Amino acid sequence: MSVPEPPLSDGVLPGPPAGLGAGERTPVFFKIFRQNQVVLLDTLEQEISKFKECHSMLDINALFTEAKHYHAKLVNVRKEMLMLHEKTSKLKKRALKLQQKRQKEELEREQQREKEFEREKQLTAKPAKRT
């Protein structure tokens with residue numbers, strides 16, 4: 001033979017308190033039941049708020065992790081920009097030196113041409129003057 005199991009509602013709806021008259025049982029029982037429900041709802045709301053607080057902490061942690069990630073990216077971009085700035089500065093200096101060297105070479109060639117022209121001019125025969 002099996003032992004009869006108590007109904008599932010026994011834990012939620014215990015029978016009315018003993019010692020009350022038949023007419024008094026129902027209102028008092030429901031008043032106590034209602035008070036217990038209010039306490040249970042308050043406790044449940046507190047647990048929900050604790051859960052939301054924990055969940056928001058996880059969100060905050062995720063935001064901080066993401067902020068660290070983007071900060072690292074920003075630092076890398078800054079380093080790269082500084083490196084590119086240094087390279088462009090070096091290239092500008094090199095270009096300026098090459099330009100100055102080219103101008104100097106052109107000036108020297110022009111001076112050489114002028115010297116050759118003067119030399120040619122001096123080497124050309126000049127008619128002698130008759131007296």
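A: The answer below begins with the chain as a whole, turns to the aromatic rings, and ends with the surface.

The model is predicted. Its chain has one helix and zero strands. Helix 1 covers residues 22–123. Of the 131 residues of the chain, 2% count as buried. The accessible surface of the chain comes to about 13400 Å², and 60% of that surface belongs to carbon and sulfur atoms.

Against this background, the aromatic rings may be examined. The structure holds two aromatic pairs. The pair of Phe29 and Phe30 is edge-to-face, because the planes of its rings stand at 65° and an angle over 60 degrees counts as edge-to-face. The centres of these two rings are 5.2 Å apart. The other pair, Phe29 with Phe33, is stacked; here the distance is 6.2 Å centre to centre, with 20° between the planes. Two values are quoted for each pair because a pair of aromatic rings is described by the distance of the centres and the angle of the planes.

Phe29 and Phe33 both lie in helix 1, where they are four residues apart, or about one turn of the helix. Taken together, the ring pairs link Phe29, Phe30 and Phe33 into a cluster.

How far is each member of this cluster covered? Phe29 has a relative accessible area of 12% and is therefore buried, since the term applies under 20%. Phe33 also counts as buried, because its relative accessibility is 19%. Phe30, by contrast, is partly exposed, with a relative accessible area of 48%.

Leu41, Leu44 and Ile48 make a nonpolar surface patch of about 270 Å². A positive surface patch is formed by Lys87, Lys90, Lys93 and Lys97. One of its members, Lys87, is likewise placed in helix 1, and at a relative accessible area of 47% Lys87 is partly exposed.

How values were computed. Residues numbered from 1 in each chain as written. Predicted model: local features only at pLDDT ≥ 70, side-chain atom pairs only at ≥ 80, totals over all residues. Heavy atoms only, no water. Patch = residues over 30% accessible without salt bridge, like charges linked within 9 Å, V, L, I, M, F, W, Y side chains within 5 Å. Areas by Shrake-Rupley, 256 points an atom, 1.4 Å probe, with all protein chains shown as cover. Salt bridge = Lys/Arg side-chain N within 4 Å of Asp/Glu carboxyl O. Lys, Arg positive; Asp, Glu negative; His and termini not counted. Charge placed at Lys NZ, Arg CZ, Asp CG, Glu CD. Helix = DSSP H or I, 4+ residues; strand = E, 2+ residues; numbered from the N terminus. Buried < 20%, exposed > 50% of the residue type's maximum accessible area, 1.4 Å probe, protein only. Phe/Tyr/Trp six-rings, centres within 6.5 Å; stacked < 30°, edge-to-face > 60°.
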